[in-house]
Amino acid sequence: MAVENGSSKKWCFRGNEALVKSSAITVRGVLNMVMENLDPNETRPVIPLGHGDPSAFPCFKTTPVAEKAISNALFSAKFNGYSPTVGVLPARKALAEYLSRDLPYHLSPDDIYLTCGCAQAIEVILTALACPNANILFPKPGFPYYEACASVSGLEYRHFDLLPENNWEVDLDAVEALSDENTVAMVIINPGNPCGNVYSQQHLKKVAETARKLGIIVISDEVYDHLAFGSNPFMPMGVFGSIAPVITLGSISKRWIVPGWRLGWLVTNDPNGILKKHGVVDSVKGFLNISTDPATFVQGALPEILERTKEDFFSKIVAILKDSASLSYAKVKEIPCLTCPSKPEGSMFLMVKLNLSTLDSIQDDVDFCVKLAKEESVIVLPGVAVGLKNWLRITFAIEPSSLNDGLSRLKAFCERHVKKE
């Protein structure tokens with residue numbers, strides 16, 4: 001019974017500590033912590049080199065085709081009701097056709113599940129696989145939302161390394177060593193976040209063969225699909241779905257520069273029917289039955305977005321990213337305390353090793369980013385947030401003039417903190 005001052009002998013509830021701990025390790029949580037250290041008296045603009053959302057910058061504006069498609073769907077009054085659990089059929093048909101262009105077999109609309117961005121697709125598949133004693137293999141470095149979702153779902157996770165000396169390829173020997181009879185899946189991200197790598201056809205086939213050997217699913221995060229500008233063209237993991245079952249996760253967020261529209265997908269690339277036989281498809285549908293859906297009018301716009309966007313829009317975005325990646329790589333090479341093992345070939349990021357021995361009064365990557373924010377109003381993501389302590393993840397998906405300014409400030413910061421001989 002409560003007393004007059006509002007206290008009680010015993011309240012029978014408390015917050016879920018797992019949610020607090022899990023959110024603290026996400027990119028958003030770490031960046032919010034870094035941004036708390038910005039100097040309120042600084043007159044220069046803040047340069048965001050830690051985010052994955054370039055939509056605020058004029059050079060990354062989405063195509064008018066997509067905007068018109070949204071308008072047409074909204075004013076048609078055909079998409080004001082609830083969506084079917086798996087997504088509206090015209091959108092699933094259109095997406096099946098779109099994704100099948102890059103595959104040796106044809107996807108059915110029944111292979112397509114629409115989600116609230118790629119983030120929900122991650123939640124769906126990890127929850128669907130979170131059976132008692134199950135474990136899953138994540139890349140290091142990787143995207144920490146996977147670890148956060150696994151923690152909340154009670155799914156054990158283990159990390160295999162990506163090899164910087166081999167253009168961030170998967171250490172397949174480590175995958176085999178980590179796997180046991182309770183391992184259910186491994187995750188790859190291609191094109192890579194946070195490394196900016198793009199896997200070759202040969203390496204993807206080896207990943208599939210390893211998964212087949214271990215009897216596990218490959219979960220392929222392809223949210224940056226086709227944002228490739230190096231020696232390796234983008235190839236979807238689903239090409240090898242006949243070797244091992246593949247769950248593809250994706251969205252319109254990055255390729256169309258509309259992350260706020262929150263439309264993603266989970267796709268079963270499984271011509272042998274293994275996922276259905278083992279209950280994974282039913283588990284995915286079960287999760288979607290008790291979760292929210294992406295906005296129906298955005299789903300309604302998807303066929304027009306996919307079918308009418310011209311190639312020149314994509315080419316322009318990729319050209320900007322390619323030039324910005326080259327600028328970033330060249331500028332980083334000028335800074336003695338930073339090392340980038342390979343030039344980015346895709347996505348929007350590069351990973352940079354921090355050489356602490358050359359710096360004075362910098363304890364680690366978090367300390368580096370906090371002081372950089374305070375002194376230069378430049379936001380960079382500490383590598384510990386993506387699994388590599390004393391590394392940095394830098395995004396180059398901003399306006400080129402702002403990127404140049406931010407990298408110049410980064411260089412000035414390092415020069416100011418370099419150890420004096």
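How do the residues of the lining of the second largest pocket divide into nonpolar, polar and charged? They divide into 14 nonpolar, five polar and two charged residues, where Ala, Val, Leu, Ile, Met, Phe, Trp, Tyr, Cys and Pro count as nonpolar, Asp, Glu, Lys and Arg as charged, and the others, Gly among them, as polar. The model is predicted, local features require pLDDT of at least 70, side-chain atom pairs count only at pLDDT 80 or more, and totals for chains, interfaces and linings use all residues. Residues are numbered from 1 along each chain as its sequence is written, and side-chain values use heavy atoms, with hydrogens and water left out.

Pockets and cavities were located on a 1 Å grid over the protein atoms alone: a cavity is a set of points where a 1.4 Å probe fits but cannot get out, a pocket is an open set with protein on both sides within 12 Å along at least five of seven lines, and lining residues have an atom within 4 Å of a point. A volume is the space filled by probe spheres set on the points, which are joined across faces, edges and corners.

The volume of the second largest pocket is about 400 Å³. Its lining comprises 21 residues, with Val-184, Gly-215, Ile-217, His-278 and Val-280 nearest the centre. Two or more lining residues are given by each of β6 (183–189), α8 (201–214), α9 (274–277) and α10 (280–289); helices (H or I, at least four residues) and strands (E, at least two) are DSSP runs numbered from the N terminus.

The largest pocket has a volume of about 1100 Å³ and a lining of 40 residues, of which Val-27, Arg-28, Ala-119, Phe-143 and Tyr-145 lie nearest its centre. Helices α1 (17–24), α2 (27–35), α5 (117–128) and α6 (145–153) each supply at least two lining residues, and α2 provides the largest share, six residues. By class, this lining has 20 nonpolar, 13 polar and seven charged residues.

One cavity of 30 Å³ or more was counted. The largest cavity, of about 40 Å³, is lined by residues including Pro-139, Leu-162, Ile-189 and Asn-193.

Glu-376 is found in helix α13 (residues 365–376). This residue is buried (under 20% relative accessible area, 1.4 Å probe, protein chains only), with a value of 6%. The side chains of Glu-376 and Arg-416 are joined by a polar contact of 2.8 Å, that is, a pair of N or O atoms within 3.5 Å, one able to donate a hydrogen and the other to accept it within protein, with residues adjacent in sequence counting only if both atoms are side-chain atoms.

Key
Buried < 20%, exposed > 50% of the residue type's maximum accessible area, 1.4 Å probe, protein only.
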